[in-house]
Amino acid sequence: MTSGRGEGRARARRAYPVRVRILAAILAVTALGLLAAGGIAFALQQNRIASSIDDELRQEFATVRALVEGRSPNDPQDGAAAPEAAQVDTSFPTTDDLVYETVRVVTPPLGGGTLGVVDGEARFIPGFTTPLRLDSPAFIDEISAATKTGTTVLDTVTLDGVELRYLAIPLRVEGSASEGVFVAAIDVDARLDDLRSTMLVYAWVAAAVVLLVGVVGWFVAGRLLHPLRSLQRTAARISAGALDERIPVRGNDDLSELTETINAMIARLEEAFIGQRRIVNDVRHELATPVTIIRGHVELIDPLDPDDVRQSLEIVTDELNRMSALIAQIAHLADAERTTAHRPRWVDIGDLTRAVFEKARVIGDHEWRLDSVAEGLVFIDPSQITQAWLQLADNSAKYSPSGTPIEVGSALAGDELRCWVADNGPGIPESARSRIFERFGRAESSRGTAGSGLGLSIAGAIVKAHGGRIGLDTEVGRGSVFALVLPRNAGASQEEPEGQEDERGGG
């Protein structure tokens, strides 16, 4: 059941690649942004138009009020509150006359119309054609019901699917039994037609923008994701036998940095595989001889001859011991090449120098001397550096004449630490100086000397893991000086442990 769900999710991921998902997110955000911008603009403009309609109707009210009161429409009192009913005592003899004069004089609003209603009937309309006819019985009934209390009404009504914003002003001449109403109305939908046309154009433009963003985004996303596709193809081609593939680095952004990081990782893998292959080849070469010796003696042994059996067992045991020692040395070399196996910390180099000297002085039949001792703190793995230092000491002891002096010392110079072993051996020819640091490599003059030929390789791997190198100063007939040259505080904080600053000294 779990496997089925996992396969379903994998198929879904393949069906919607990263390029499509990125483009979908961009288009969704773009569309939502344009929709929100258009909606807000439409709402604001709609409110503005509604406010302008109300302003026009209020202006109509001011004009009517000025007319019935015998004032100019520009009189400052126009802004006064609307009366419950425009009751006047003027030369108008009847309410019909007043309503007639009002409809005649007051100009209908733009896109709207006016109407004079007397006693619930539409009596007067403008003498010219207006965009809006208001003499609908349903509208008359709406007006009559709204103004039956005698108050001016500003309201909205929908008739036959048309939204009207109207102003109804009751008019009555004192002493007249008739009730009149002046009505001014504006077609809201007609006023919004221009806005709706504009928003329709905006919708088409927004759709074109989304389409353009989609096309551009498709190509841009493809270009940005090209290094990832190259990475996928390169990773598919990479195998243990073909680690020389590299991803082309283009640009100067996060993806190019990722590409460089992946290339560096592939390079490290290639180096690791090459190292493993070299170790396997070297081990196969070095183990071939003892295996051949063991097989030869086992095949030729005479089981009926006790002396032959004993002699063969001694030879086989000796070769097996040699193979065991070789395998142990190879394990040490593998550990030394793994940087994760190192645990650096702040160490007093003076104490470490004296401790290494005490361990080295029992190696071989030599006169061991402690040379200069550095005093100060260094950031190293003391166990690993001790092993590398003792490898140098063991190497000098093997190839130096018995009884000759060998010196051990250390020194600090700026940010560099030197830990050396100096002997009075035969020296190393120039042609062999690089070979002695190779696995199982030895100088020609040292053939026959006991050892696996891995000591200097182990020391070199340890020093390399610390970011340093092995220095060699040698001359045939004069002896050799091997030195571990290390950075003093590689990978450590610049601040030293509290309470240890007073242990530092000159080097």
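A salt bridge here is a side-chain nitrogen of Lys or Arg within 4 Å of a carboxyl oxygen of Asp or Glu. This is a predicted model, where local features need pLDDT of at least 70, side-chain atom pairs count only at pLDDT 80 or more, and totals for chains, interfaces and linings use all residues. Residues are numbered from 1 along each chain as its sequence is written, and side-chain values use heavy atoms, with hydrogens and water left out.

**Exercise 1. Salt bridges**

Solution. 
- Step 1. Helices (H or I, at least four residues) and strands (E, at least two) are DSSP runs, numbered from the N terminus.
- Step 2. Buried means under 20% relative accessible area, exposed over 50%, and partly exposed in between (1.4 Å probe, protein chains only).
- Step 3. D307 is partly exposed because its relative accessibility is 46%.

Task: Locate the two ends of the salt bridge between R469 and E416.

Solution. 
- Step 1. The N to O distance is 3.9 Å for R469 and E416.
- Step 2. R469 sits in strand 12 (residues 469-475) and E416 in strand 11, so the pair links distant parts of the chain, 53 residues apart.
- Step 3. R469 has 47% relative accessibility and counts as partly exposed. E416, at 31%, also counts as partly exposed.
- Step 4. The whole structure holds 17 salt bridges.

**Exercise 2. The largest nonpolar core**

Task: Determine which residues of the largest nonpolar core touch the most other members.

Solution. 
- Step 1. A nonpolar core is a set of buried Ala, Val, Leu, Ile, Met, Phe, Trp, Tyr and Cys residues joined through side-chain atoms within 4.5 Å.
- Step 2. The largest such core has 33 residues; I349, W368 and L484 touch the most other members.
- Step 3. Elements giving two or more residues to this core include helix 8 (349-360), strand 10 (405-413) and strand 13 (479-487). Helix 9 supplies the largest share, six residues.
- Step 4. Take W368. Not counting residues up to four places away in sequence, W368 touches F357, A360, R361, I363, A393, A397, I406 and V408, where contact means heavy atoms within 4.5 Å.
- Step 5. Another core, of 24 residues, lies apart from the largest one; V103, F124, L171 and M199 are among its members.

**Exercise 3. A hairpin**

Task: Describe how strand 2 and strand 3 pair.

Solution. 
- Step 1. Two strands pair if DSSP finds at least two bridges between them.
- Step 2. Strand 2 (residues 112-118) and strand 3 (residues 121-124) have three bridges, in the antiparallel sense.
- Step 3. V117 has A122 in strand 3 as its bridge partner.
- Step 4. Two residues stand between the strands of this hairpin, and D119 takes a positive phi near 50 degrees.

**Exercise 4. Exposure of one leucine**

Task: Is L211 buried or exposed?

Solution. 
- Step 1. L211 lies in helix 5.
- Step 2. L211 counts as exposed because its relative accessibility is 60%.
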